[in-house]
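Q: I have a structure open and would like to go through it. Can you take some questions?
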Amino acid sequence: MLLSPPRPLTFFGGKGGVGKTTLAAATALAAARTGQRTLLVSTDPAHSLGDVFGRHLDGQVQEVEANLFVVEVDAEAAASTHVDDVEARMSRSIDADLLPAVRRHLALARTAPGTLEAALFDVMARFMEDCPERFDRVVFDTAPTGHTLRLLAIPALLSAWVEGLARQREKVAGLDRMSQNMLGQEQPDDDPVMAALHDRRARFERAAIRLRDDAAFWLVLIPERLPVEETVRAEAALHDQGLHVGGLLVNRRLPDSADGTFLQARREQQRDYEQEIAQRFPARRVATIEQRPRDIAGLDDLRELASTLPPDLVAPAEE
Ligand SMILES: Nc1ncnc2c1ncn2[C@@H]1O[C@H](COP(=O)(O)OP(=O)(O)OP(=O)(O)O)[C@@H](O)[C@H]1O
Ligand SMILES: [Mg+2]
């Protein structure tokens with residue numbers, strides 16, 4: 001039974017090392033094999049998708065097999081392209097004697113807090129816009145929880161920032177126009193820098209709407225105390241932001257066949273936490289994924305793991 005209709009944008013979040021990348025890759029593979037054109041995007045600066053698929057990924061979208069496309073986002077390159085672009089537009093549209101000051105400002109912007117995150121969010125927003133035209137499904141493998149939640153706050157922050165900047169620019173543009181009028185010069189009627197900033201803001205706002213309407217967040221955890229506590233906080237934070245939680249994936253459950261007194265003690269502890277999870281997330285879809293004897297690497301391992309994923313995670317979104 002499907003608990004909630006599948007959505008075309010799927011996010012995986014959770015504490016470090018719980019299995020986000022592995023489960024995102026298995027989900028993307030499973031979706032691709034149902035015929036959905038699927039893009040798997042890694043937004044974690046410490047990428048590991050290349051390792052999971054056993055191939056070198058270079059920041060470009062690569063087709064791994066039929067219907068399955070994979071990309072590791074290079075946020076630093078994206079940030080630097082963005083600042084270069086702003087600088088090029090500025091150089092074309094402002095007085096030459098203002099350029100050194102603008103260049104100094106942009107040099108600071110390159111390393112300012114938030115620049116990388118905004119660039120990363122911009123790339124994510126563009127991939128969201130590729131769905132449904134180029135891809136039926138986009139799966140995001142994110143960095144550990146705190147980072148992802150900060151990233152999701154960016155559209156609102158950037159909107160405020162762009163608006164402030166827009167007001168400044170418009171003041172300056174107003175003065176420019178006035179002086180150009182007085183000098184009888186011709187005036188360009190559009191400002192290329194503002195146009196780029198407004199484009200970016202509009203894209204971020206569209207992305208924020210898509211995140212609310214078309215995205216499901218799956219929280220990955222292992223049955224241990226700290227991941228359970230972090231999942232409680234993450235769920236509340238997502239809820240506060242009006243985002244949809246698809247369900248919980250409790251990974252690395254020791255199978256009943258794991259023998260020996262040591263493993264049996266671990267297993268009993270895990271079972272206690274599984275009960276606690278059921279009590280603390282009564283309204284949530286909770287699916288369990290077993291611990292495999294070895295790390296997951298390559299398409300065969302992923303396919304095997306994928307066969308145990310909940311159907312509402314893999315099924316195509318309804319039109
Ligand atoms: N069900 C499983 N059975 C066996 N090994 C697993 C399972 N799930 C994950 N692993 C292994 O655990 C390790 C960590 O998994 P993964 O990289 O997917 O975690 P992550 O949450 O993405 O980590 P990070 O927070 O560093 O991005 C990997 O070596 C992976 O192969
Ligand atoms: Mg990872």
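Q: What share of the 319 residues in the chain is buried?
A: Buried residues make up 48% of them. Keep in mind that this is a predicted model.

Q: How many helices and strands does the chain have?
A: Twelve helices and eight strands.

Q: And the contacts, what share joins residues at least 24 apart?
A: Counting contacts between residues at least 6 apart in sequence, 78% join residues at least 24 apart.

Q: Now the ligand. Which residues are closest to ligand 1?
A: Lys20, Thr21, Thr22, Arg252 and Arg292 are the closest of the 18 residues that surround ligand 1.

Q: Which element gives the most to that shell?
A: Helix 1 does, with three residues. Helix 1 covers residues 20–33, and both this helix and strand 7 supply at least two residues of the shell.

Q: Which backbone atoms come up against ligand 1?
A: A polar backbone atom of Gly17 is 2.9 Å from an oxygen atom of ligand 1. Val18 has a backbone N or O atom 3.2 Å from an oxygen atom of the ligand. For Glu290, a backbone N or O atom lies 3.0 Å from a nitrogen atom of ligand 1.

Q: How much of ligand 1 does the protein bury?
A: The protein buries 82% of the 630 Å² that ligand 1 exposes when taken alone.

Q: Switching to salt bridges. How many are there in the whole structure?
A: A search finds 19. One of them pairs the side chains of Asp122 and Arg126, at 3.7 Å from N to O.

Q: Where do Asp122 and Arg126 sit relative to each other?
A: Both are in helix 5, residues 115–129. They are four residues apart, so about one helical turn separates them.

Q: Buried or exposed, that pair?
A: Asp122 is buried, with a relative accessible area of 6%. Arg126 counts as partly exposed at 45%.

Q: What about Asp130, which residue does its side chain meet?
A: Arg134, in a salt bridge of 3.2 Å from N to O. Asp130 counts as buried because its relative accessibility is 18%, under the 20% cut-off. Arg134, at 43%, counts as partly exposed.

Q: Which residue forms a salt bridge with Asp312?
A: Arg285, with the closest N and O atoms 2.9 Å apart. This pair links distant parts of the chain, 27 residues apart. Asp312 is in helix 12 (residues 311–314), while Arg285 is in the loop between helix 10 and strand 8. Both Asp312 and Arg285 are buried.

Q: Which residues do salt bridges with shared partners join into one network?
A: Asp122, Arg126, Arg200 and Arg203.

Q: You mentioned helix 10. What span should its 20 residues have?
A: At 1.5 Å a residue, they should span 28 Å. The end C-alpha atoms of helix 10 are 29 Å apart, which agrees.

Q: Which residues of helix 10 are buried?
A: Arg267, Gln270, Arg271, Tyr273, Glu274 and Ile277.

Q: And what do those buried residues pack against?
A: They pack against strand 6 (215–221), helix 9 (225–240), strand 7 (244–253) and strand 8.

Technical notes
Residues are numbered from 1 along each chain as its sequence is written. Chains are lettered from A and ligands numbered from 1 in the order in which they are written. This is a predicted model: local features need pLDDT of at least 70, side-chain atom pairs count only at pLDDT 80 or more; totals for chains, interfaces and linings use all residues. Side-chain values use heavy atoms; hydrogens and water are left out. A salt bridge is a side-chain nitrogen of Lys or Arg within 4 Å of a carboxyl oxygen of Asp or Glu. Buried means under 20% relative accessible area, exposed over 50%, partly exposed in between (1.4 Å probe, protein chains only). Contact means heavy atoms within 4.5 Å. The expected span of a helix is 1.5 Å times one less than its number of residues. A residue is near a molecule or strand if one of its heavy atoms lies within 4 Å of it. A polar contact is a pair of N or O atoms within 3.5 Å; within protein, one must be able to donate a hydrogen and the other to accept it, and residues adjacent in sequence count only if both atoms are side-chain atoms. Accessible areas come from the Shrake-Rupley method with a 1.4 Å probe; for residues, only the protein chains shown count as cover.
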